[in-house]
Amino acid sequence: MSLSFEERVVLVTGAGRGLGREYALAFAERGASVVVNDLGADTKGGGKSSAAADKVVEEIRAKGGKAVANYDSVEDGEKLIQTALDAFGRIDVVVNNAGILRDRSFARTSDLDWDLIQRVHLRGSFLVTRAAWNHMKNQKFGRIIMTASAAGIYGNFGQANYSAAKLGMLGLANTLAIEGRKYNIHCNTIAPVAGSRLTETIMPPDLVASLKPEYVAPLVLWLCHDQCQENGGLFEVGAGWIGKLRWERSQGRIVRQANQPMKPEAVRDQWDKICDFTDATKPTNVQESLQSFMSVLSQVESEGEVGANPTAAAASLASTSGINLAEAVGQKLPPTTFSFNHTQCILYALGVGMSTKDPDHLRFLYEGHPDFSCLPTFGVIPSQAAMMDGGLSSVPGLSIDFTQVLHGEQYLELYKPLPTSGKLTSEATIADVLDKGSGAVILLDVNTYSGDELVCYNQFSVFVVGAGGFGGKRTSEKAKAPLPPPQRAPDAVVIDSTTRDQAALYRLSGDWNPLHIDPSFAAMGGFKAPILHGLCSFGFAARHVLKQFADNDPSRMKAIKVRFVKPVMPGQSLQTEMWKEGNRIHIQCKVKETDAVVLSGAYVDLHAISDPSPENFAQGGGLQSELVFAEIGRRIKDLGSELVKTVNAVFGWEITKDGKNTAQWTIDLKNGSGSLHKGPYNGKADVTFTVSDEDFMEVVQGKLNPQKAFFSGKLKVRGNIMLSQKLEVILKVYAKL
Ligand code: NAI
């Protein structure tokens, strides 16, 4: 669809010639009502004539367009807007374009040269825009263009006055973009290059002729259209090319130590590092900018505390982080235990947004539900105690400021469905420490056990701001890497809102960091308000996948990986985009309201519904047969009544591992519509099989014939042996495996 400006009222200042004229014609051609402002001055701001504006208005009208002229100087901002209101009843778009030049080498720049340039460019844009502002605010729509210049961005000989005014306009635009955002007023800045009478004195004539204003106007039109959401941008444009500019900031260097004066010599000595753009950051707002200063303050201050320790005090500035790789890597943290019952499971489920509104969620919210289960991502909860309890700070070789810790990434792998109560023990190890320049990444591997049985494994990637530069490697083969999603559109998208109290609720599961509840603490971290826990969004995303691709069956979840990119504010909506690639579901999570990506490179690995292959479960040290039974359970749910008719028997199973009886199962295809449960049959099973976990897997995968297994003694049968034939009806579905 072509971009229309029907119903829009556009003011273009300095529209009597050059770029402004081109904008006015282009807007009018697409239906806008245009105020063509031009004072008719000469290039230095002298003189006055209505001819320039009149001519453009005539041109527009001759083509059937709507336009009126205004001959005031932009210094009479109100009058320009009044013309728009009188002629067309509103003002939607202001293009601040009027301009003059008074080029002089700096020493020869007079007060008048300086003042006139500031008055027309900077003050004129201020006055015109201010006059339009409240109208735009009230109608909740406005688009503003500021015209800067390469001379302002880069400097240019003989244009000190002009450079200052032009970059002043960029500063003005930056703030208007922020103040206008909530009223749908967008303000962007362009630095154009075009042949005009302003450039004909400095460019050769054929260049002036070929750099046409019509190669600039389309950007201005797009930036001023309803559909364009760009706000606060700066663009260079000319000759048919458009590029966007932004700020870059070097990693920089801290050049002072606690309780010591900061000296110019330290600045000199660190100069190369201060100016080194390797791993530069790109701050986009004052908060991001300030955050680094806050980080420096606490880093230097915490160093002061450590200063009591003579070795730390002696440490050179170049290695302020105090990371000793050889000492830290491989260190084990003191084990932690976590006792829980259904209350914690339910609290967690509520914390990650489960609700009784969704009948599927009841199995995670009601302990009396026949399938009451714990959400798989609850697996992060017992393991995080290792970090929350300050375990990391006790690790030799890691003297880091732990107020500067950000949760960068998370990997969770489950070896068996989580129990809904019990006592779990977690053992954490520093798997590796990476040097990312701007900070250090600590990879913390945590194994969580129930008794001797490994239940799950977590890898926390913890980013410590400002702790880099200790000479470590940037990557590690131990890191569970994030993976980009496929290039195509997502296969499924789920949108789910968090509540205003989501963080207040989630923290009750054990992450008590005040950043998520205390406004003043959040402000210190550079946030407008307390932010949602990254692991809460992680829980949301995981259950979206579970619902979309695994029928809400917690036993299907094998692993999940996410990278935390940006914070989510409680109350915002999470949009989980999912791509299915076999048993791997790639995910990307965005805040719906802002379209900002919050979880990236994320994926969930599911156990295949029809593939209880040993490798899926073998790592767990858990029983491989568990999954097969889980699948049998699902089949019974689907086809139970039918199977009861054809089979009419109760099968007991005893699964052994290393000669010990480790699990019992009952497949009841006699009563009701059939059922599966873990444990012996309450009564006498018609037939009971005893088999090792490994042989069971061989049988279900068709690698071992059940008769052979029986005759070789691998499969023991008690009760009505004839019924084993019927077993095939149930196992048949797996024969193809
Ligand atoms: P231009 O000289 O062709 O057009 C500027 C227009 O502004 C003139 O018609 C002039 O009468 C009018 N004007 C001057 N003072 C005014 C005032 N006080 N009130 C109302 N109107 C006034 O110049 P051009 O090249 O079209 O420039 C347009 C804008 O783009 C200017 O702001 C200029 O600084 C900027 N720019 C242009 C570049 C180029 O390559 N042409 C490069 C960088 C910036």
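**An open mixed sheet**

Val-93 stands opposite Arg-143 in β5. The model is predicted, so local features require pLDDT of at least 70 and side-chain atom pairs count only at pLDDT 80 or more, while totals for chains, interfaces and linings use all residues. Residues are numbered from 1 along each chain as its sequence is written, and side-chain values use heavy atoms, with hydrogens and water left out.

Strand β4 (residues 93-96) pairs with strand β5 (residues 142-147) in the parallel sense over four bridges. Strands (E, at least two residues) and helices (H or I, at least four) are DSSP runs numbered from the N terminus, and two strands pair if DSSP finds at least two bridges between them. Eight strands make up an open sheet with mixed pairing, in the order β3-β2-β1-β4-β5-β6-β7-β8. Its edge strands, β3 (66-70) and β8 (241-245), each pair on one side only. From one strand to the next, the twist averages 20°.

Helix α1 (residues 18-29) packs on this sheet and touches β1 (9-12), β2 (33-37), β4 and β6 (185-192), contact being heavy atoms within 4.5 Å. The direction of α1 makes about 170° with that of β1; axes are lines fitted to C-alpha atoms, for helices over the stretch in contact, and angles run from 0 to 180 degrees between N-to-C directions.

**Aromatic pairs**

The structure holds 13 aromatic pairs. Rings of Phe, Tyr and Trp (its six-membered ring) pair if their centres lie within 6.5 Å; planes under 30 degrees apart count as stacked, over 60 as edge-to-face and the rest as tilted. Trp-653 and Phe-696 form an edge-to-face pair, 5.2 Å centre to centre with 85° between the planes. Because Trp-653 lies in strand β19 (residues 649-657) and Phe-696 in helix α22 (residues 693-700), the pair ties together parts that are 43 residues apart in sequence.

Trp-653 is buried at 4% relative accessibility, and Phe-696 is buried at 2%. Buried means under 20% relative accessible area, exposed over 50% and partly exposed in between (1.4 Å probe, protein chains only).

**Cysteines**

A search of the whole structure finds zero disulfides, defined as pairs of cysteine sulfur atoms within 2.5 Å. For Cys-345, the nearest cysteine sulfur is that of Cys-374, 3.6 Å away. Cys-345 is buried, with a relative accessible area of 2%.

Cys-536 is likewise in no disulfide, and the sulfur of Cys-589, the nearest from another cysteine, is 11 Å away. Cys-536 counts as buried at 0% relative accessibility.
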